[in-house]
Amino acid sequence: MALSLRCQLMGSYTVRLLGLSLLALALTTRTSPACAAAAPQVRTDTPADRALQTAAAFIAQWPQQHEGYIALAKASIRKARESGDDGYYQRAERAIHRILAQQPDASEALLLLAWIQIGQHQFAAALKTAERLRQRLPNDYQVYGLLGDAHAELGQYDQTASAWQRMIDLRPGPAAYSRIAYLRKLYGDMQGATEMMAMAVRAVSPRDPETYAWLLVQYGDLHFEQGRLKVAEAAYEKAHHVFPAYHRAVAAMARIRAAQQRYAEAIELYQQAVNIVPAPDMIAALGDLYHLTGQPEAAEQQYAQVAFIARLDTLNAIPYSRQVAHFYADHDRNLDAALNMMERERENRQDINTYDTLAWVYYKAGRLNDAQKAMQQALRLGTQDALLWYHAGMIAHGLGRFDTAQAQLRRALDINPYFSPLPARRARLTLAELESTARLQSAPTSVSHTAGEGS
Amino acid sequence: MRTKWWAWSFMMVVAIGVGMLWTPAFSLAHPLGNFSINHYSRLRITPEHVDVRYRLDLAEIPTFQTLQKSGITPESGHPSVTRYLAEAAATFKEGLILEIDGQPLALRVIEQEALFPPGAGELPTLKLSFLYRALLPQNGAPGSLRRLRYQDENFPGRTGWKEIIAIPESGIAFRQSSVPVTDRSQQLSHYPTDLQQSPPQVLDAHVTFVSAATADGETIASLAPQSGDITAVPRQPNQQEISPPSMASLMAPDSLSLRVIIMALTVAMGLGAFHALEPGHGKTVVAAYLVGARGTAQHALWLGLIVTATHTAGVYLLGAVTLFASAYIVPEQLYPWLSAVSGLLITGLGIYLFWQRYAGTSGTYTHSDDHVYGHSHAHTHAHDHVFAHAHAHPHTSGHHHADHEHHGHVHPANVTFRQLLTLGVTGGIVPCPAALVVLLSAVALQRIGFGLLLIVAFSTGLAAVLIAIGLFMVYARRFMSHFQGEGHLITRWLPLTSAALITVFGVVMIGQALVSAGILAFHL
């Protein structure tokens, strides 16, 4: 029996070898004799692309080594961030699960898993992973970064603050600075946030152009949100320079042009951005500009695209409800669907922006008391965001609390008079109407108001 | 009728097994997200011209945008599509740069095609295929070095699978090329999903080549499509998503020449034949059964075919399972377990056969001619002994033939299709590492279609040998039967022995699997 077993094994090895050489023959016959590097090349790939190729080559060579999968996951996450393509998060996830299947406690893999979970908006799961990691790596600054990220999306801002404080104590650097800047912004300290973000921009390595460009856009956004268009524009220009074809920089620049009422340029820039990544918020902004410039058909085309993406996202269970729901509320369409989306989103995410969008959808759906409650949640940190105060003002207006409405709308326009073309216009009109009513009201013969009117 | 029913259900099992490889559960339609635009360019350089096969595969969102902008009806061949294609061919041409020795070449549209395969939620996606051609300027001495540069500037910055290949046709030799000659996505019809294959991001190509065959200005460019493959446009939607594709479409016809394919298939067939002769394979069962029972030539043929079909399906299935499971575990660790499972299965079948034969010996095998096998076995332990006897007594064949048919009518239940099926499956189900390795290597090397075809050729070789052995057994026994007595003891023992052997074989397989899984340790 042993002999026949041996024979069988030997036989199958012979066949195996022959089979492989046969394949090799078939595969290599037509390969060109020399494939060395040719004439100077134009680089169309990014550092993330090159990292991806290297990781793939490593895996091909040593499929049993974890290093290759870690490198692949890291490169995929980078690529997902720069391209806006979720497909890369899925690749990263597969690489990580391959490691975790063999070694469920591999710290580096868990760290990347938490990162992917945040990227895919699985915040509760990310928090769990990060908590698990903290047990294992109590002195790793990255763990506290991710821990704070997850807490922030879940609206647990005290925990966010302590996690990020620990992070910056362990390792000061652009990753910690940008997070602290975000936290300061949330608490309404725009000045401190801007300073911190400037530190992050100065500290980042130029060898990571995508992160550099991302920080520059964040920095520019902080200035834009305070109505300082020139500084913001310079930051976006620089971002575009360090990382060409960066859709976030292009869209940010489009927003500046729209604020400057240079609509034709804004439209062109938005078109560029949307051609790179058709993100629903950018398509909606482009539609609004068409609408503003009297091109309703072009506007409707963009709006139809947003609706299409919403449908596709539902099919693929991609959790980007907030952008879509916000769009529906802005345009008074599909309000039932928007409400449904946001009520589900609130289960997943309890940060102030989720409450803001939820409040806006409630307001449009006519549920003003719910809207006000949600809005109180959104404003609980005292964030100086024009859009938030605009929403709050409109809700107060709907509830007939005209003084509050007036104050809040004025506050929105004071924070940033350019915050968004259509809402800013609506804010001004409503404010003007309120002020004229207030003047009438202060006159001896007062005019009574009907609650819920206007909007 | 009964036979037909079994045959059909068996075919169904095979078809489902093969079809399993292509269920959407295995992969997505596109390698990236639903706004990706995938690019593919195949440069084919001949002494007269450069052909650019340009393909774009648009995911759901860009497809929606295209439909919206162009207002076309998403059906291939619809007049609106024809109009759109003419425009698109011209638009995309503007985004393609082709230069020879720094001199830009004008591209001419030769053909254009659009397909609308369904994507997520049956929403359409769009696949465009264009063939552009540029005449190669005939200046420079024959044999002089020429430089080609190609760049694709369409949809800059949009995420996607971006692949370029360049192929030298006869009369052209590449000196250097920045791109490969074979593609990884089968012209965007089949994106590899394993982690070693990250989506390529190649949008330009540099090739230096020499033209060897330009003799005395004889070769003036002809614009008519010359070879069949220029017009061959795969019409299938992405195979990951759609019903089982045909073998022909799975292959990448442009990167493997017919000669190489025929050679490879021939070698694979030879390997299959060789494989069938390996000890311990299905042929043991075939031979044991045909000699042990009252088999006819037709039975031998059926048995050979069933073994082969089971074997092929087994390899495909095991390949599919391995590929699927390899996302979670390492194949090297998986294989022993699969072997153990098959071993268990075979042991079970062996025990079942043993029991069946033990219970049915008196009835079924009373008049069978098993002693021929038994006789040779007893004396020499060599199967060839049977053939030697056969050659020694060729003159009895006619007589026996009639005799056998008589038996067939008297005991029609001796060989049922059900028994053939059981045996064939038992013999064929043994997972065959060689064939599996060929298949998995093909998958790893992005030649799944070719790998599947190789397995078919492999199995054909296997079938040929198994059928030949079966026929030998059948005829050899007929030659012999009339001269040997019908010993009841041997008649009873032989089928039991063969069933026992099958059982032992299964047990050995389990043991072997457990040893390689590191659970059992033997010191021989």
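In which sense do strand S3 and strand S7 of chain B pair, and over how many bridges? Strand S3 (residues 96-100) and strand S7 (residues 145-152) of chain B pair in the antiparallel sense over 5 bridges, where strands are DSSP runs of E of at least two residues, numbered from the N terminus, and two strands pair if DSSP finds at least two bridges between them. This is a predicted model, in which local features need pLDDT of at least 70 and side-chain atom pairs count only at pLDDT 80 or more, while totals for chains, interfaces and linings use all residues. Residues are numbered from 1 along each chain as its sequence is written, and chains are lettered from A in the order in which they are written.

Within S7(B), Tyr150(B) is the bridge partner of Leu98(B). The surrounding open sheet of chain B is formed by 5 strands in the order S4-S3-S7-S10-S9, with antiparallel pairing. Strand S4 (103-104) and strand S9 (172-177) of chain B stand at the edges with a single partner strand each, so one side of each is left without a neighbour in the sheet.

Chain A, by contrast, has 23 helices (DSSP runs of H or I, at least four residues) and 0 strands. Of its 455 residues, 48% are buried, meaning that 20 or more other C-beta atoms, placed from the backbone, lie within 10 Å of a residue's own.

Terms used:
Buried ≥ 20, exposed ≤ 12 C-beta atoms within 10 Å, placed from the backbone.
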